[in-house]
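Biologist: Please put the structure up, and I will ask as we go.

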Amino acid sequence: MTEFEATITDLSHDGRGVARIDNKATFVSGALPGERVLLKYRKRHRKYDDAEIVSVIEPSPDRVEPKCRHFGQCSGCSLQHMAPAAQIASKQHVLAENFERIGKVAPESWLPPLTDEPWAYRRKGRFSVRFVTKKGRVLVGFREESNPAFVADIEQCEVIHPAIGPKVGLLASVIQTLDVARDIPQVEFAAGDDTVALVFRHLSPMSDSDKDKLTVFAKEHGFAIYLQPGNHSSVYPLWPESPRLAFAIPADNVELEFLPLDFVQVNAGMNQRMLARTLELLDLRPEHRVLDLFCGLGNFTLPIARHVAEVVGVEGEHGLVERAAANAARNGIANASFRVANLFEDQRKEPWAGEKWDRILLDPPRAGADKVFEYLPRKGTDRIVYVSCHPGSLARDAGILVEKHGFRLVSAGVMDMFPHTAHVESIALFERR
């Protein structure tokens, strides 16, 4: 295939370099802005093309040697070849560009980026599992960068919790010995402060022999093992009989228990920093009443409760609300309560939606919180803090709050929840004008 030179002018939303060739975008994995590279096409499309690097002719000063030997093959990370400071600057640029282009707003000031340890940080995730007949063995890992239909052949992962990351190859080896090896599509992992759990999804019944092998593996490597023969509700512990997953929030004397498939923030260190910044921006007082929307297990709700008169958390998933309430009771927190509600539907008839709240905290999924703004905020709320996992939806919602609800976008900034990826986590403070 013909090779050609190009200059990389930008990064795409998924961390690939972008070159303009004949007025057409060409996306290049592993390339950085400002680089002159030799390319060859991977796949041509009508509106854009995909290419891969043959060689880097003029490297960016931000280029570094990736730590992981599987970088470029595995799709788990897209920016290991970029210096950490440059990664943060790029994410801040993405956030600013989204505010300008989508929300037509800009923060009055930028918050300093929040960063933490960039390696071995990931405590939650899902491995794909595939028995590959041609290789005669099981592969465990994330999808291939060049072909997402295939599982990358990896032995270890540098960004996963240290109890799991170095043992990806060992996990593949033990699965290969199981009778149901061909019927295990995934293994989820979840790490608490003291316990690391693996959840094996299996599409056919698991024999006693297989269960014994997994138990031996668990005891040898210090894992808790769960089995999942069906949907989420089918998950049960294999060994030990009653494992306990939990993480502490020392600054507010809170500990949250969770189940292995529950949503928790994947980066434990960054979660602590994010909580501290969120409480600072909320500017809480003992007399305040706070509404925490999309509250999950109470990750924000319970620390907030230590500082205010009352906090109510609202979440759409019944199981998470039950465990949030149990966490409140376990921590002796009586001024936090929880409600189940689909926040993407009109909730104005619910009592909590009609009450006065001094502060509102939002931590929605990627879809954002625009539906919430059809019935909230009401008069009396003069400060909103918005934690976002998607800069586009945050920018859109910022525009709504500023244009329709009389708020100012006081400050905003990025939080590096997922180092070495293009994922942009951010936080913004809104105050009523």
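Biologist: What does C389 touch, leaving out residues up to four places away in sequence?

Modeller: C389 touches P364, P365, R366, H423, V424 and E425 on that count. Contact here means heavy atoms within 4.5 Å. This is a predicted model, in which local features need pLDDT of at least 70 and side-chain atom pairs count only at pLDDT 80 or more, while totals for chains, interfaces and linings use all residues. Residues are numbered from 1 along each chain as its sequence is written, and side-chain values use heavy atoms, with hydrogens and water left out.

Biologist: Which feature does UniProt put at C389?

Modeller: The unreviewed UniProt entry gives "active site" at C389. UniProt positions are in the numbering used here, feature names are shortened, and annotations may be inferred rather than shown by experiment.

Biologist: Where is C389 in the fold? And is C389 buried or exposed?

Modeller: C389 is in the loop between β20 (383-388) and α8 (391-404). Its relative accessible area is 17%, so C389 is buried. Buried means under 20% relative accessible area, exposed over 50%, and partly exposed in between, with a 1.4 Å probe and protein chains only. The element names are DSSP runs numbered from the N terminus: helices are H or I with at least four residues, strands are E with at least two.

Biologist: Stay with α8. How many of its residues are buried?

Modeller: 11 of the 14 residues of α8 are buried, so α8 is largely enclosed by the rest of the structure. Among them are P391, G392, S393 and L394.

Biologist: What do the buried residues of α8 pack against?

Modeller: They pack against α1, β20, β21 (407-415) and β22 (425-432).

Biologist: And how far does α8 reach?

Modeller: From first C-alpha to last, α8 reaches 20 Å, close to the 20 Å expected at 1.5 Å a residue. The expected span is 1.5 Å times one less than the number of residues. After α8 comes G406, with a positive phi near 75 degrees.

Biologist: Back to β20. Which strand does β20 run parallel to?

Modeller: β20 runs parallel to β19, joined by 4 bridges. Two strands pair if DSSP finds at least two bridges between them. L361 has V385 in β20 as its bridge partner. β19 also pairs with β16 (residues 289-293) in the parallel sense, over 4 bridges, and there V290 stands opposite R359.

Biologist: Which way do the side chains of β19 point?

Modeller: In β19 (residues 359-362), R359 and L361 point one way and I360 and L362 the other, and all are buried. In a regular strand the side chains alternate between the two faces of the sheet.

Biologist: New topic. Which residues does UniProt's "binding site" cover?

Modeller: The unreviewed entry lists C68, C74, C77 and C157. They span 90 residues in sequence, yet no two of their C-alpha atoms are more than 10.0 Å apart, so they gather at one spot. C68, C74, C77 and C157 are also part of the lining of the largest cavity. A cavity is a set of points on a 1 Å grid over the protein atoms alone where a 1.4 Å probe fits but cannot get out, and lining residues have an atom within 4 Å of a point.

Biologist: What is the volume of the largest cavity?

Modeller: About 100 Å³. A volume is the space filled by probe spheres set on the points, which are joined across faces, edges and corners.

Biologist: Is C157 buried or exposed, and what is C157 in contact with?

Modeller: C157 is buried, at 12% relative accessibility. Leaving aside neighbours within four places in sequence, C157 is in contact with F142, G165, P166 and V168.

Biologist: Last one: how much space is in the largest pocket, and which residues lie nearest its centre?

Modeller: The largest pocket holds about 1,300 Å³ of space. A pocket is an open set of points with protein on both sides within 12 Å along at least five of seven lines. Its lining has 49 residues, and S12, H13, D14, G15 and R16 lie nearest the centre. The largest share of that lining, 7 residues, comes from α1.
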